Amino acid sequence: MLAFELFIWWYGQGWAATVKNIRKMLLGISNLFSVPILARTLFAPWKRIISYPGAGLDAKLRALSDNVVSRAIGFAVRVLVLLTALIIGTLAVVFGVLAFVLWPLVPPGVILLLIKGVIG
C-alpha cells in the first residue's frame, strides 16, 4: 500500500513539485542578485558618488568627468553582476530540466540497480 502511494505521489504531485521548485529557484536567484533593481539602476552612479560643479569651467569639467567615470564604473559592475545572474540562472534551468526529465526514471532505476546488485 505504501509503495503504491509513493508511486502515485512520485508521478503526480512530486513531478509537479519539481517544476515549482525550478520556478522558486529562478525567483531566488533573481532576488539574490537583485536583478530588477540592477536593471532599473543600470546607468546610476557607482555608490551614488556624484561631484557637484563649482564655479568656473575647470570645476565644471572636473565634475563632469568624475560623474561620467562614476557612471561607467557603476554600469560595468552592474553588467557583470547581471551576467553572473544570467549564467547561474541558465545553469539552474539546465539542471532543473535535467531533474524534470530524469524524475520518472528514478524509481525503475532503483529497482533495476537493486536487482543488478542482488543477481550479480
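Predicted model: local features only at pLDDT ≥ 70, side-chain atom pairs only at ≥ 80, totals over all residues.

A: Helices (H or I, at least four residues) and strands (E, at least two) are DSSP runs, numbered from the N terminus. Residues are numbered from 1 along each chain as its sequence is written, and side-chain values use heavy atoms, with hydrogens and water left out. The mean pLDDT (the predictor's confidence in each residue, from 0 to 100) of the protein chain is 89, and 100% of its residues reach 70 or more.

Ser-70 counts as buried because its relative accessibility is 7% (buried means under 20% relative accessible area, exposed over 50%, partly exposed in between, with a 1.4 Å probe and protein chains only). Apart from neighbours within four places in sequence, Ser-70 is in contact (heavy atoms within 4.5 Å) with Pro-45, Trp-46 and Ile-49.

Helix H4 (residues 57–102) also meets helix H2 (residues 13–32): their axes come within 10 Å and cross at roughly 175° (axes are lines fitted to C-alpha atoms, for helices over the stretch in contact, and angles run from 0 to 180 degrees between N-to-C directions). H2 is therefore roughly antiparallel to H4 (under 35 degrees counts as roughly parallel, over 145 as roughly antiparallel, 65 to 115 as roughly perpendicular, the rest as oblique). On the H2 side the contact is made by Trp-15, Thr-18, Val-19, Ile-22, Met-25, Leu-26 and Ile-29, and H4 contributes residues including Ala-85, Ile-88, Gly-89 and Phe-100. By class, this contact of H2 with H4 holds 13 nonpolar, three polar and no charged residues (Ala, Val, Leu, Ile, Met, Phe, Trp, Tyr, Cys and Pro count as nonpolar, Asp, Glu, Lys and Arg as charged, and the others, Gly among them, as polar).

H2 has a further partner in H1, for the axes of H1 and H2 come within 4 Å and cross at roughly 35°. Here Ile-8, Trp-9 and Trp-10 in H1 meet Gln-13, Gly-14 and Trp-15 in H2.

Trp-103 is placed in the loop between H4 and H5. Because its relative accessibility is 18%, Trp-103 counts as buried. Leaving aside neighbours within four places in sequence, Trp-103 is in contact with Trp-9, Trp-10, Gly-14, Trp-15 and Thr-18. The C-alpha atoms of Trp-103 and Asp-58, 45 residues apart along the chain, are separated by 67 Å.
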